[in-house]
Amino acid sequence: MNVLLKSATIIDSKSSLHFKVRDILIENGKISKIASKIPENKKYRTLKLKNLHVSAGWFDSSVSFGEPGYEERETIKNGLLAAGKSGFTGIALNSNTNPTIDNKSVVDFVINKERTSAVNLLPIACLTKGSEGVNLAELFDMKNAGAIAFGDFKKAIANPNLMKIALLYAQNFDGLVLSYPQDNAIANNGIANESDANTKLGLKGNPALAEELQIARDLFLLEYTGGKLHIPTISTQGAVKLIKEAKKKGLDISCSVTAHHLCLTDDELNNFDSNFKIKPPIRTKKDTAALIKGVKDGTIDMITSDHNPIDIEHKKVEFENALDGTIGLESLFGAVNQVVDLEMLVRCLTTNPRKRFGLEEIIIKEGEKANLTLFNPSHEYVFLEEEIVSSSKNAAFLGKNLMGKAYGIFANNKLVLR
């Protein structure tokens, strides 16, 4: 496919073209020319988009769809379409499925389901069989089949010896282990951040202590075993501090934060809107400030949508009975672009997650394969349901003012536009 991008501001901190405005010609899936002006030609599809910016294709490190097993929430096909139209050329698929992604056959299934998509799907396989936290899954076989990391989605490993063994074993094939940060005994079925205000609302608390105890335990284990550990979706001020100290020690640790934990606080719970029932719970202004600072100083490596579609039957119910989760592919950029500068945001969506998950680096350069996100960072709008491509509509940012929107992507020799 041949496409000419006109007057595109290139965002690539590793390139001499960083923040330069250039025309970009893509021929047969490769960048054939980058110049101040490239003449239009009938052989090319020309794109002239308002305030067009181009970066390496964004990668989301935590995405759930539903298929297999929960297709009423989201199919892989429609989920990848939503990802592409939201600016993502690659996603890490969580094992939030039935059956879980705990063996080579299921890894093969999800990878091969939509091989022709513009968006690359890379599975995060279960760490334990059935995500039950008892026995390790077939990690080596799943790594060879294409799994990029191993973790039980939103399920903490209660047994520290099991986590120790996982960290030791995964070193044999350079595997990345994920550990959901929650001490289940302390969290004790809490559904909201523990605070006086939420107690008055009658919402059982899940304290910051539950997250921080688990992270502290895992960091002690990592220091003992070695290996590579990733903590997904941290949410507290204390978590940032613990990980910052671990990095100073030289431990091979990384972490992510969600868009909603960067931008929202538990003040949103006053109306008992189940779209804000999220795991881990959204927390306080002090926590969001610490998380934003953690992104800016490099303690937090990547930003994720933590996209988790929930069908209406399980979301439009009483707050206590609703399933946890919000969709976020469509709103991530517009939300976080208001609290993190553009260069850092792009780094947290491109270079950092790709390096951590062992993926190929993307370079905006003549002769390189085109893997690009097209976006406008200054577009202001209210996020309405009509913006949502996902099958489920459980969006925490519905009705919020956002700034910045993806036009789409060019990847795998395909153009996907909103």
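Trainee: Where is the place of Ser131?
Mentor: Ser131 sits in the loop between strand E8 (120–125) and helix H3 (139–145). Helices (H or I, at least four residues) and strands (E, at least two) are DSSP runs, numbered from the N terminus. The model is a predicted one, in which local features need pLDDT of at least 70 and side-chain atom pairs count only at pLDDT 80 or more, while totals for chains, interfaces and linings use all residues. Residues are numbered from 1 along each chain as its sequence is written, and side-chain values use heavy atoms, with hydrogens and water left out.

Trainee: Why is Ser131 called buried?
Mentor: Buried means under 20% relative accessible area, exposed over 50%, and partly exposed in between (1.4 Å probe, protein chains only). Ser131 has a relative accessible area of 6%, and is therefore buried. Ser131 also has a positive phi of about 55° although it is not a glycine.

Trainee: Phe19 has a positive phi of about 65° and is not a glycine either. What makes Phe19 partly exposed?
Mentor: Its relative accessible area is 42%, so Phe19 is classed as partly exposed. Phe19 is found in the loop between strand E1 (3–11) and E2.

Trainee: Which residue of strand E2 (residues 21–27) might we take next?
Mentor: Ile24 lies in that strand. Because its relative accessible area is 0%, Ile24 counts as buried.

Trainee: Which residues does Ile24 touch, leaving out those up to four places away in sequence?
Mentor: Contact means heavy atoms within 4.5 Å. Among the residues that Ile24 touches are Val3, Leu4, Leu5, Ala8, Ile10 and Ile34.

Trainee: What makes a group of residues a nonpolar core?
Mentor: Such a core is a set of buried Ala, Val, Leu, Ile, Met, Phe, Trp, Tyr and Cys residues joined through side-chain atoms within 4.5 Å. The largest one here has 91 residues, and Phe65, Ile91, Leu127, Ile234, Ile253, Val295 and Ile303 touch the most other members. Helix H13 (residues 342–349) gives the most to this core, with six residues. Apart from it lies another core, of 18 residues, including Val3, Ala8, Ile34 and Leu52.

Trainee: Which residues does Val295 touch, not counting those up to four places away in sequence?
Mentor: Val295 touches Val257, Leu262, Ile300, Ile303, Val340, Met344 and Cys348.

Trainee: Which residues of H1 are buried?
Mentor: Ile76, Gly79, Leu80, Ala82, Ala83 and Gly84 are buried in H1. Their cover includes E7, H2, E8, strand E17 (401–411) and strand E18 (414–417). Just after H1, Gly87 takes a positive phi of about 100°.

Trainee: How do you know that Pro309 is buried?
Mentor: Its relative accessibility is 1%, so Pro309 counts as buried. Pro309 belongs to the loop between strand E15 (302–304) and helix H11 (312–315). Ser64, Phe65, Arg73, Glu74, Ile327, Ser392 and Asn394 are touched by Pro309, not counting residues up to four places away in sequence. The C-alpha atoms of Pro309 and Ser392 are separated by 5.3 Å, although these residues are 83 apart along the chain.

Trainee: How do you know that the protein agrees with a compact globule?
Mentor: The radius of gyration is taken over C-alpha atoms, and the globule rule is 2.2 Å times the number of residues to the power 0.38. With 418 residues, that globule would have a radius near 22 Å; the protein has 21 Å, so the value agrees.

Trainee: How many helices and strands does the protein have, and what percentage of its residues count as buried?
Mentor: There are 14 helices and 18 strands, and 58% of the 418 residues count as buried. Of the contacts with a separation of 6 or more, 75% are between residues 24 or more positions apart.
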